[in-house]
Amino acid sequence: MPVGGLTPRATDNAADLVVRNAKIHTGDPRLPQAEALAIRNGVITAVGDDKDVADQIGPGTRVVDALGRRMIPGLNDAHLHVIRGGLNYVLELRWDGVATLRQGLAMLREQAARTPKGQWVRVVGGWSAEQFAEKRLPTVAELNAAAPDTPVFVLHLYQSAILNRAALKAVGYDEDTPDPRGGQIVRGRSGEPTGVLLAAPSALILYSTLAKAPALDEEHRKTSTRHFLRELNRFGLTSAIDAAGGFQNFPDNYETVTALAREGQLSLRIAYHLFPQTAGQEVDDLTRWISTVRPEDGDEWLRLNGAGENLTWAAADFENFAQPRPEHTSDYEVEFEKAVRLLMENGWGFRLHATYDETIRRDLAVFEKLAAEGLFPGGNRWLFDHAETVSSDSLDRIVALGGAMSVQNRLSFQGEAFTRRYGPGAAADAPPIRAMLARGLTVGAGTDATRVSSYNPWIALHWLVTGRSVGDLTMRPPHNRVDRETALEMFTTAGAALTGEQALKGILRPGFLGDLTVLSEDFFAVSDVEIPHIEALLTVVGGRVVYAAGEYEGLDEPLPTVTPGWSPVAHFGGYQATPAPRRAGVRQAELLGQAAAESEEHRQWRTRRGLAPETDNPMFDPCFSL
């Protein structure tokens, strides 16, 4: 880019990258605002204005003019299933951001036509019926019509999945297939499955059915993961904490990101967790892992952060708000205590999936028992995830035990279901973010993508600031919302603290990692309704330009072509961006124009039927005739 007034100098400390002419929100209280910064060897070396970076510009320095745009520290999603998401990304048709069911079905129909025999069309997360203009789910009949011969699997939140006739045949469900525990295969009068699966309340039936679909081979998995990470970079993400999850086995399903890290091909920093997969052998799995790996093994690109988000299956609750809160067994604490004791005694941190205060209270009772033995607080990083209904008393106990919190915008997509079941009063405090912050708790923010929420962090930031769902339902009132600067801290510095990296990333300061993003719109200036439409124009991780669009297109690193060639991502891309709402006056003019066009169409229709006189004047109105 043109660099007026800055002359390259031959210098031993030349920066690799300089970004100037930016409105920089550094996140650093020592220097909150700046205009330029320099990065060398992946680390920020100067932050200030042109004169502060001038002596670091050498002949080989790449200088980027931000053109007065907003720059912020790179975003850090504190709860993202990034490893699992990467392994499947190119196989999935994304309805994230799609405005109408009609458009979604058209995409599905087109994709089915190009999908080869033996493969599926799968729509897995990132959308809600509430985002559609039609405010409804697709029907089985619509899926059958769109794809009569290609298996189609459509997952809706933690609640249900819809399969077409070909998918039912592919998975082998018939009148003799029993309902799995915690799930229901909806049947017609004859006992034949209709194509609808219900989580009742466990989503295991949904995920185990999805697991029957064909998977990618290892080389395709690497390409898929690289494209998924680039898609995350598109929204300004530079780090993520992987929360593990069901059907994510260690070490098998971690081999792809490990290989990419070894080859220097990650474009997102990942701190990951280990999740015991088999009920009844969780303590054995944790014991084996403790003997072979240690938290913080790895480097700033890929590192182990601890165990979770489940430690034992019996202690987990479910987040299907279309169903009543599940009841735990009366004795789950026995194995749960063994798992927690093992981790605390061996210096392992952990995170815990817990939707309801009833779960959190029982977990805390175990921690307090161990605290009497000196194990809490023990210096291990630990936290609760989700916590939509956590109580004030539980928050006080978490503080006393040295814990932290991580919240996600699951109610952006499930807010209507939560409100219908528990009422607007409960929704107003789901979760009680301001109460968490007021107690001094570290509160990271994330998306919980990809099987329910979208991976677009700006939807989550919009939810934090406004308390509104993608269906435009207001849940959290002003007293439980946060300002934009606090929301950004939850997506930057708080996430860094949850992995013990608060001295390395999260702010733009000399000595910190060179992770930043230049935004399409100014987060601190746009209206609330425009926040979900923000994207990155430039994303930098460790001084590498990993995403570039608009004026900067072509500056980022090349990626291999999306494979297989029939992949939905190769044809539709990922998140389906829609234009940001226009200013009220412009929008009013557009609507008037549409009304005028519709009026003219109606006049022509009346003329063709002899109900109005013929005229060459398209603005003819008999009221004004002489």
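**The open sheet and its helices**

Guide: Strand 2 (residues 23-25) runs antiparallel to strand 3, and two bridges join them. Here strands (E, at least two residues) and helices (H or I, at least four residues) are DSSP runs, numbered from the N terminus, and two strands pair if DSSP finds at least two bridges between them. The model is predicted: local features need pLDDT of at least 70, side-chain atom pairs count only at pLDDT 80 or more, and totals for chains, interfaces and linings use all residues. Residues are numbered from 1 along each chain as its sequence is written, and side-chain values use heavy atoms, with hydrogens and water left out.

Within this pairing, His 25 has Gln 33 of strand 3 as its bridge partner. Both strands belong to an open sheet of six strands in the order 3-2-7-21-22-23, with mixed pairing. Strand 3 (33-34) and strand 23 (544-548) stand at the edges with a single partner strand each, so one side of each is left without a neighbour in the sheet.

Helix 7 (residues 218-233) lies across strand 22 (536-541) and strand 23, running at about 80° to strand 23. Axes are lines fitted to C-alpha atoms, for helices over the stretch in contact, and angles run from 0 to 180 degrees between N-to-C directions; contact means heavy atoms within 4.5 Å.

Elsewhere, the axes of helix 10 (residues 333-345) and helix 11 (residues 357-371) come within 10 Å and cross at roughly 50°.
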